[in-house]
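Here is a short report on selected helices. Please keep the sequence and the model in view while reading.

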Amino acid sequence: SAASVMLNVTGMTVGLPALWFLHRLCFGERDRRAALRFGAFCLAIMGSAGLLVAALNGAGGISISRDVMNYSARDFGAYERVLTQFRVIFRYLGLTFLPLPSWLMLDHYVPKSSGILRPFTTLLGIAGVAGLAGWGVWLYRRHRLATYLLGWFFILLAVESSVLPLEMMFEHRMYIPMLGVVFFALYWAHLAAARVSWGGKAVAAAAVAAALALAPVAYARNALYADPVRFWEDNARKAPGKARVHSNLGTACYWVYDYEGSIRAFRRAMELDPGKALYAVNLSADYIDMGNPDGAIALLRRYADREKLPIDYYYNLGIAYFKKGLYREASPYLLEAMGRNPRKTGVHYHMGIISMESGDLGEARRQFQKEIENSGQNPAYYYYLGLVAERMNNPQEARRYYEVSMRLDGGSFL
């Protein structure tokens, strides 16, 4: 999307010149004026990039307010996000150096900071970040490598920890910035070890002890990743206030036919974020599969006046009416889903059955053939093609389709 491209361009535009400038300042020219001239050059590059983005925005190519600064899908604003990031940075550092099992999850829930003292840890985060930055400046004269490594961490984390309306926290943002703080710690460990004759052995022993302590944690996490239901149950326990986590748990339960667990999870997601239609759409699939199309219809109709509904809203509503035998009511919703995604699995199949029951056998055959083209081999598709051929008085073609259906599924559709 345009927003993703802009974020990547912005991160590279800001990060690389800033790191280059810091490298020159720490390891290059001893003349500060030369380094500062280079910094001015970097600022000129960033300014040119900003003018380019503004030009694209003015030409209608990219809208900053629409594509980048759009907070409409968030429950926080720019001010709250910036304040919260001071706390998030220390969560990242905690996960880097002390990855406790209670902190490990894919989708983190971070309560927003609504003020410098709400919660109080926001002020501590601001003070901590300021302290680390000040320490980096203080180290410049005698430990320029340490200054550079701290700068690496802050610079590469800066764009995604800024005013942009991204998720509050994602661990993958630390993949490259983490190198800075890890090598920063190793740098001081190396200096400490060099002070005593047994320092190297002590560092090696500490590394081995850390590896032995973390090995069972890594093994347990790998086992958890192998089971999607257990994985999202664990995430839901650690981030109980995040609707998306409960929705993912509901989806994991759905795919193993644990409909009761799926319904509980989707209902919890709806309680946490009642305005999001996707969770109701997912819940409606449980109702349909459990033989409760009326429940699915009643649930989905509550969102009929919403804008930008997901495609599965129309598909599931069409299927619910289809299950009740109300083909006339089902058709508009299935056709809407087909129009939005002609390759949507199942939509041509159900429209084929509706066409067959209404007597339009040519359209029914076309729909079933389209479903096979989109979704692949399925005995039901060939079985219904056989029925269509039989009703069109073509017994040889019907026999061919029935034989394919039998070969695919042992004849369960005959």
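## Basis

This is a predicted model, in which local features need pLDDT of at least 70, side-chain atom pairs count only at pLDDT 80 or more, and totals for chains, interfaces and linings use all residues. Residues are numbered from 1 along each chain as its sequence is written, and side-chain values use heavy atoms, leaving out hydrogens and water.

## Helix H14

Helix H14 covers residues 311-323. Helices here are DSSP runs (H or I, at least four residues), numbered from the N terminus. At 1.5 Å a residue, its 13 residues should span 18 Å, and the end C-alpha atoms are 19 Å apart, which agrees. The expected span is 1.5 Å times one less than the number of residues.

H14 is mostly covered, with 10 of its 13 residues buried. Buried means under 20% relative accessible area (1.4 Å probe, protein chains only). Among the buried residues are Tyr313, Leu317, Ile319 and Phe322. The buried residues pack against H12 (277-289), H13 (293-301), H15 (327-340) and H16 (347-357). Just after H14, glycine 325 takes a positive phi of about 80°.

## Helices H9 and H10

The axes of H9 (residues 228-238) and H10 (residues 243-255) come within 9 Å and cross at roughly 160°. Axes are lines fitted to C-alpha atoms over the stretch in contact, and angles run from 0 to 180 degrees between N-to-C directions. H9 and H10 are therefore roughly antiparallel, a term for angles over 145 degrees.

The contact (heavy atoms within 4.5 Å) includes Trp232 and Glu233 of H9 and His246 and Leu249 of H10.

Methods
Helix = DSSP H or I, 4+ residues; strand = E, 2+ residues; numbered from the N terminus. Buried < 20%, exposed > 50% of the residue type's maximum accessible area, 1.4 Å probe, protein only. Parallel < 35°, antiparallel > 145°, perpendicular 65-115°, else oblique.
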